[in-house]
Amino acid sequence: MKILFLSHYPHLLGANRSLFSLVVGLRDKGVLPQVWCPEEGDFTEALRAENIKVRIFPYHNWAATFMHPSFFHLPFAAMRNNTLLPTLALEAKEFGPNIIHTNSSVLGIGAQIAEEIDIPHVWHIREFAWLQYQMKFFPNENILFKYLKKAKKAIAISHAIKNGVGKNQPEINWEIVYNGVLDENKMEQFFEVTANEEKESDTFTFLCIGLLHPAKGQLEAVEAFGLIAGKYPQARLRIVGEGRRIYEAKLKEMTKRKRITKQVDFVGFKKEVAAEYHRADAVLMCSRDEGMGRVTVEAMSYGKPVLGYRGGATPELLTDTVDGFLYEDNAAGLAEKMELLLSDPVRARAMGKAGQQKAIQNYTIQKYVDHMYDLFREVYPF
């Protein structure tokens, strides 16, 4: 079986980390993959290191965040894609895929190529593009639904994605496949803590990790921490990630206003995150519309309780009071849950262990790859 995979950006972040695991896992099952990307990046480097065939073509997304500079270029991006489509169709034909797979709802060219050369299309929908990131499609979101209905399979990474994106669209052939995060062959990294990774015994650290973006809710995390930091001087908040500079500046300004700068660390981007999870006591997931929440599953994998907003797919992953807490409303609700863990670290550790067992049972890369392999075989039996 040959599968052509299209990615919408070149970075080894959430969606592409899941795609990377999928491509390598399918390769090991005898599938011949080829991956297309609009430009070079650490994602394409990682694929080549695995001897995966990668090709770079200057195609464009058909959705962008409202008021972002790329938003105003969407009409021109559509014209460039239309001009490029015949060439891409010929390139795809030369590879001869049995299936074309697109890794995000914000990229439409894969569906158009599949239609052009009459190849089955499988579409991975990983985000609430318009809910979480206020993205706009060109000319509108109806173009997404038009091609989703033509896809042989639409893969949703959670029931929340299926119900949110596919609302009132019964013609779409949905399948739920949760992302795999744990590699069974490297599972020891989730349990072992080296001397360099051990946390200070007298502190309790909350970890907020991921893209710095208003949709991810770091501002709410800082505000909530500010409500309890004075009462718990041993508490710490570590913010790991990079993103919008204006937003990061706003976060730092809030720590100054709340006089908690000594208890909040802005770590920046970390390529290797194991040490950050190991040194944390709990992880915060403040996104209102998380498609699944790779961070949530990673935290569970490392045995950390998660404090998550009751929205998006987070309630599908967390069992309230068992492997973490779900909060509602605002920063005050989050602060209340943070204080519950601060006042009972033994309970926090027990919750983390419960989440770890759930992650081992449900969110391994091997289960994810096996599920996707079976779906691809349904689309193209051989």
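What follows is a short chat about the sheet, some helices and a few individual residues.

Analyst: Happy to! Just keep in mind that this is a predicted model.

User: Good to know. Which order do the strands have in the open sheet of six?

Analyst: The order is S12-S11-S10-S13-S14-S15, and the pairing is parallel.

User: Which strands stand at the edges?

Analyst: Those are S12 and S15. Each has a single partner strand, so one side of each has no neighbour in the sheet. On average, neighbouring strands here are turned by 20° against each other, ignoring direction.

User: How many bridges join S11 to S12?

Analyst: Four bridges join strand S11 (residues 235-240) to strand S12 (residues 264-268), and the two run parallel. Within that pairing, arginine 238 has aspartate 265 of S12 as its bridge partner. To get from S11 to S12 the chain passes through H9, making a right-handed β-α-β crossover.

User: And what does arginine 238 stand opposite in S10's pairing with S11?

Analyst: That's leucine 207, which stands opposite arginine 238 of S11. Strand S10 (residues 204-209) pairs with S11 over six bridges, in the parallel sense.

User: What about helices on the sheet? Which strands does H11 touch?

Analyst: H11 packs on the sheet and touches S10, strand S13 (282-285) and strand S14 (306-309). The direction of H11 makes about 170° with that of S13.

User: Let's look inside H11. Is threonine 296 buried or exposed?

Analyst: Threonine 296 sits in helix H11 (residues 294-301). With a relative accessible area of 0%, threonine 296 is buried, because anything under 20% counts as buried. Setting aside neighbours within four places in sequence, threonine 296 is in contact with Met285, Val306, Leu317 and Leu318.

User: New topic: how many residues of H4 are buried?

Analyst: Helix H4 (residues 109-117) is mostly covered, with seven of its nine residues buried. Those are Ile109, Gly110, Ala111, Gln112, Ile113, Ala114 and Ile117.

User: What covers them?

Analyst: The cover for the buried residues of H4 includes strands S1 (2-6), S2 (32-37), S5 (99-102) and S6 (121-125), along with helices H3 (74-95) and H6 (142-148). Just after H4 comes aspartate 118, which takes a positive phi of about 60°.

User: Where else is there a positive phi in a residue other than glycine?

Analyst: Arginine 259 has one, with phi near 60°. That residue is in the loop between H9 and S12. Arginine 259 counts as exposed, because its relative accessibility is 77% and the cut-off is over 50%. Threonine 321 isn't a glycine either, and has a positive phi of about 75°. Threonine 321 lies in the loop between helix H12 (314-317) and strand S15 (324-327), and at 42% relative accessibility it counts as partly exposed.

User: And which residues does the cis peptide bond join?

Analyst: A cis peptide bond joins phenylalanine 138 and proline 139, with omega about 0°. Proline 139 is in the loop between strand S7 (135-137) and H6.

User: What does threonine 364 touch?

Analyst: Not counting residues up to four places away in sequence, threonine 364 touches Gly180, Val181, Leu182, Glu184, Met187 and Ala359. Valine 181 and threonine 364 are 183 residues apart in sequence, yet their C-alpha atoms are 5.5 Å apart in space.

Technical notes
Residues are numbered from 1 along each chain as its sequence is written. This is a predicted model: local features need pLDDT of at least 70, side-chain atom pairs count only at pLDDT 80 or more; totals for chains, interfaces and linings use all residues. Side-chain values use heavy atoms; hydrogens and water are left out. Buried means under 20% relative accessible area, exposed over 50%, partly exposed in between (1.4 Å probe, protein chains only). Contact means heavy atoms within 4.5 Å. Two strands pair if DSSP finds at least two bridges between them. A crossover is right-handed if, with the strands pointing away from the viewer, the path from the first strand over the helix to the second runs clockwise. Axes are lines fitted to C-alpha atoms, for helices over the stretch in contact, and angles run from 0 to 180 degrees between N-to-C directions.
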